[in-house]
Amino acid sequence: MSKPVEKQEWLQVAEAFEASGLTQKEFSTQRGLRLSTLQSWVYRRRRQRPQKVPAVRLLPVEVSAISPPSPALLEVVLASGARLRFPVGADVDYVTRLVTALGR
């Protein structure tokens with residue numbers, strides 16, 4: 001293959017690279033191109049492409065009232081994934097025995 005000369009040809013080469021599934025080094029070796037030149041044109045092509053940005057959809061929000069804070073809880077997550085919740089101030093010995101018994 002002859003080396004691309006025009007901008008449009010280079011953009012087509014960059015597009016072919018994107019579709020090839022090869023690494024830049026593999027592609028440039030197969031085509032007999034300098035790696036740095038391919039990288040430059042791939043970068044230019046990617047910059048020219050419009051970025052697909054997902055549309056943002058805003059919804060109206062109305063704050064009705066502030067809820068009272070919930071009581072603080074101590075949470076223990078077992079290796080099995082089970083979650084145990086205890087009120088703050090729970091007997092630590094009881095929690096320890098329970099966790100040990102459930103861990104068996």
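In the predicted model, Arg83 and Glu75 form a salt bridge whose closest N and O atoms lie 3.0 Å apart; a salt bridge here is a side-chain nitrogen of Lys or Arg within 4 Å of a carboxyl oxygen of Asp or Glu. Glu75 also meets Arg85 in a salt bridge, at 2.7 Å from N to O. This second pair links distant parts of the chain, with Glu75 in strand E1 and Arg85 in strand E2, 10 residues apart. Through shared partners, the salt bridges join Glu75, Arg83 and Arg85 into one network. Glu75 counts as partly exposed at 36% relative accessibility, whereas Arg85 is exposed, with a relative accessible area of 52%. In these terms, buried means under 20% relative accessible area, exposed over 50%, and partly exposed in between, for a 1.4 Å probe and protein chains only.

Residues are numbered from 1 along each chain as its sequence is written. Because the model is predicted, local features need pLDDT of at least 70 and side-chain atom pairs count only at pLDDT 80 or more, while totals for chains, interfaces and linings use all residues, and side-chain values use heavy atoms, with hydrogens and water left out.

Val77 has Arg83 of E2 as its bridge partner. The hairpin of E1 and E2 has 5 residues between the strands, and Gly81 takes a positive phi near 100 degrees in this hairpin.

The largest nonpolar core has 10 residues, namely Trp10, Leu11, Val13, Ala14, Phe17, Phe27, Leu33, Leu38, Trp41 and Val42. A nonpolar core is defined as a set of buried Ala, Val, Leu, Ile, Met, Phe, Trp, Tyr and Cys residues joined through side-chain atoms within 4.5 Å. Two or more residues of this core are given by each of helix H1 (7–20) and helix H3 (35–48), and the largest share, 5 residues, comes from H1. Apart from this core lies another, of 5 residues, among them Leu78, Leu84, Phe86 and Val95.

Phe27 touches Val13, Ala16, Phe17, Ser20, Leu22, Leu33 and Leu38, not counting residues up to four places away in sequence; contact means heavy atoms within 4.5 Å.

The structure holds 3 aromatic pairs. Rings of Phe, Tyr and Trp (its six-membered ring) pair if their centres lie within 6.5 Å, with planes under 30 degrees apart counted as stacked, over 60 as edge-to-face and the rest as tilted. The rings of Trp10 and Trp41 have centres 6.0 Å apart and planes at 5 degrees, so this pair is stacked. It links distant parts of the chain, Trp10 lying in helix H1 and Trp41 in helix H3, 31 residues apart. Trp10 and Trp41 are both buried. For Phe17 and Phe27, the ring centres are 5.6 Å apart and the planes stand at 75 degrees, so the pair is edge-to-face. Phe17 belongs to helix H1 and Phe27 to helix H2 (residues 24–31), and the pair, 10 residues apart, links distant parts of the chain. Both Phe17 and Phe27 are buried.

Arg45, placed in helix H3, is buried, with a relative accessible area of 15%. Its contacts are Leu11, Ala14, Glu15 and Glu18, not counting residues up to four places away in sequence.

The side chains of Arg46 and Glu18 meet in a salt bridge of 2.7 Å, N to O. This pair links helix H3, which holds Arg46, with helix H1, which holds Glu18, and the two residues are 28 residues apart. Arg46 counts as partly exposed at 37% relative accessibility, and Glu18 is partly exposed at a relative accessible area of 29%. A search of the whole structure finds 4 salt bridges.

Definitions and conventions:
Helices (H or I, at least four residues) and strands (E, at least two) are DSSP runs, numbered from the N terminus. Two strands pair if DSSP finds at least two bridges between them.
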